[in-house]
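Please prepare a briefing on the structure below, covering the contact between its chains and some local features.

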There are 2 protein chains.
Amino acid sequence: MQSTEVDLYPSRVADRAQITCRRDPVLHDEMAARAMGPLDGRQLAAYLRDGFVPLEDLFSADEVRALQAQLDDDLRRAAPSSAPEVVREPGGEAVRSIFAVHRAGAWKRLAEDPRLRDAARQVLGGEVYVHQSRINFKPGFEGKAFYWHSDFETWHVEDGMPRMRAVSFSVLLDDNHTYNGPLMLVPGSHEHYVACVGKTPDDHYQQSLRRQEYGVPDPASLTRLCREGGIATPTGRAGSVLMFECNTMHGSGSNISPYARRNVFLVYNSVDNALRQPFGGTRPRPECIATREGIPR
Amino acid sequence: MQSTEVDLYPSRVADRAQITCRRDPVLHDEMAARAMGPLDGRQLAAYLRDGFVPLEDLFSADEVRALQAQLDDDLRRAAPSSAPEVVREPGGEAVRSIFAVHRAGAWKRLAEDPRLRDAARQVLGGEVYVHQSRINFKPGFEGKAFYWHSDFETWHVEDGMPRMRAVSFSVLLDDNHTYNGPLMLVPGSHEHYVACVGKTPDDHYQQSLRRQEYGVPDPASLTRLCREGGIATPTGRAGSVLMFECNTMHGSGSNISPYARRNVFLVYNSVDNALRQPFGGTRPRPECIATREGIPR
């Protein structure tokens, strides 16, 4: 399929970086979005302008406690596991992430929760499915940085997501402070596509989920985006949610504080934007990283 | 000398960590301090309570520009240098720090500036000298974390500083934001001494200035200090100064932002607190790391 489809967002093909324009709307059916909930006009405007919107205290303290308990259980089970869903910290054995948690139990219910799913439907203009889910642990004292990236760039090149029509939710399960490695986002960066340098090797994801080496934006492009938009570090209590567009440039610093920054990350994609063959020409990544099966039509 | 002197602050000798009380005053001559300048009563109270005090906009924009130009010159000269004063980033060749910059030129004048030196005299109760100085570069995109530490613990064990009677100034030469790896300090931690685990090998400093392995506080002690005092991340414009007591627990996260966080770090010690043999029993570190010569009496 790759050969017959125009690649609107080429990346990792040229020997120098390039910033091009976004070619997709941010609100995919703006009229319908404005008539729907759960996001109000102010929230839609922030999402449209910045590429993200913080949803404060979306889950109650009781809900947070139940999710934290589930997370502790999952971590205990994951620690000795060699399943492909379990990704470890670079240079260590500590669990960094557990993927594809939305398939069952509390995380499945969370992924079906209208506070998230209907907000995704609202901005993506129609029916959605979970493209990726994971728990990120970001432990205290030794939590490592995630370097800057656009999720879409990776999903396009490595997973074959054709268009910018996906949205992510980071459900905070710990209080996020400025000092425990919170998510940093570049407001307005979702309007630009940073094509990266370097060709991706096959099965690169086994390393890249631990430490990114390809699909890394260049310093000049990052500097330009940050000069134009600044850097936002939304903080918030556990139970708050950060909703961000698939192409918003983001990253996070290390966490030497004693306080973990655990979160559940859920990505919804439009059913009209299902994955093709990866645009980078590599083998598709496993189902636990990028959903291909059972997509509702 | 080591054998005849009681060690008030033993560390790296037991096989488990311990928190003991500070045995020295924070203001070494409180009556005189309150009658002197340049710090006013509010600033002295903050320093006494928290172990640090931010001095906003202490240097003018013109002064900052001149110091930045000097710093750029120094970096150019340091890059190819194999002098012991030049320390590189862990796992790389980028210059992390240049030591002993107070010996000449603009940094010598800075070290003699009454805005710093008189503030040191005021809290240390008498005449002072520069125990250590350095430029820290903390570059954008790739600036690495400095893990939590009390400077005094290192200076006591590895340099033979007998008492807590020294004070540090970090002169900011870039704007410090929450997102470019600013200094994090634990308010009130200067009142506690965290004895660390593990014996220090000789000539350990060549590695430790790049990445700390000994003199590292344990997670339980850090958690207790942070629970009691919180974590402060003072931000400020270039030209602002952070003044902090030698035993205040501090560290900084990584810096993936495009913005460097360069600063000049000057430490004054009381002339009555001159270095002995290192209390850890190792060879003294070089003169460029810890001043032993030419101390006024």
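How many salt bridges are there between chain A and chain B? The count between chain A and chain B is 0 salt bridges, where a salt bridge is a side-chain nitrogen of Lys or Arg within 4 Å of a carboxyl oxygen of Asp or Glu. This is a predicted model, in which local features need pLDDT of at least 70 and side-chain atom pairs count only at pLDDT 80 or more, while totals for chains, interfaces and linings use all residues. Residues are numbered from 1 along each chain as its sequence is written, chains are lettered from A in the order in which they are written, and side-chain values use heavy atoms, with hydrogens and water left out.

**Contact between the chains**

- In chain A, 23 residues are in contact with 23 residues of chain B, contact being heavy atoms within 4.5 Å.
- Chain A and chain B bury about 1900 Å² between them, and 71% of this lies on carbon and sulfur atoms; buried area is the accessible area (1.4 Å probe) that two parts lose on being put together, summed over both.
- On the side of chain A, the residues that lose the most area to chain B are A:F141, A:Y179 and A:I256, which together account for 34% of what that side buries.
- Between chain A and chain B, 3 residue pairs are in polar contact, both residues being at pLDDT 80 or more; a polar contact is a pair of N or O atoms within 3.5 Å, and within protein one must be able to donate a hydrogen and the other to accept it, with residues adjacent in sequence counting only if both atoms are side-chain atoms.
- Strand 6 (146–149), helix 8 (219–229) and strand 11 (250–252) of chain A each give two or more residues to the side that touches chain B, and helix 8 gives the most, with 5 residues; helices (H or I, at least four residues) and strands (E, at least two) are DSSP runs, numbered from the N terminus.

**Helix 8 of chain B**

- The buried residues of helix 8 (residues 219–229) of chain B are B:S221, B:L222, B:T223, B:L225 and B:C226, buried meaning under 20% relative accessible area (1.4 Å probe, protein chains only).
- These buried residues pack against strand 1 (18–21), strand 6 (146–149) and strand 9 (192–195) of chain B.

**B:N180 and its surroundings**

- B:N180 is found in the loop between strand 7 (166–172) and strand 8 (183–185) of chain B, and B:N180 counts as buried because its relative accessibility is 0%.
- The side chain of B:N180 reaches the backbone oxygen of B:D175 at 3.2 Å and the backbone nitrogen of B:H177 at 2.9 Å.

Key: Buried means under 20% relative accessible area, exposed over 50%, partly exposed in between (1.4 Å probe, protein chains only).
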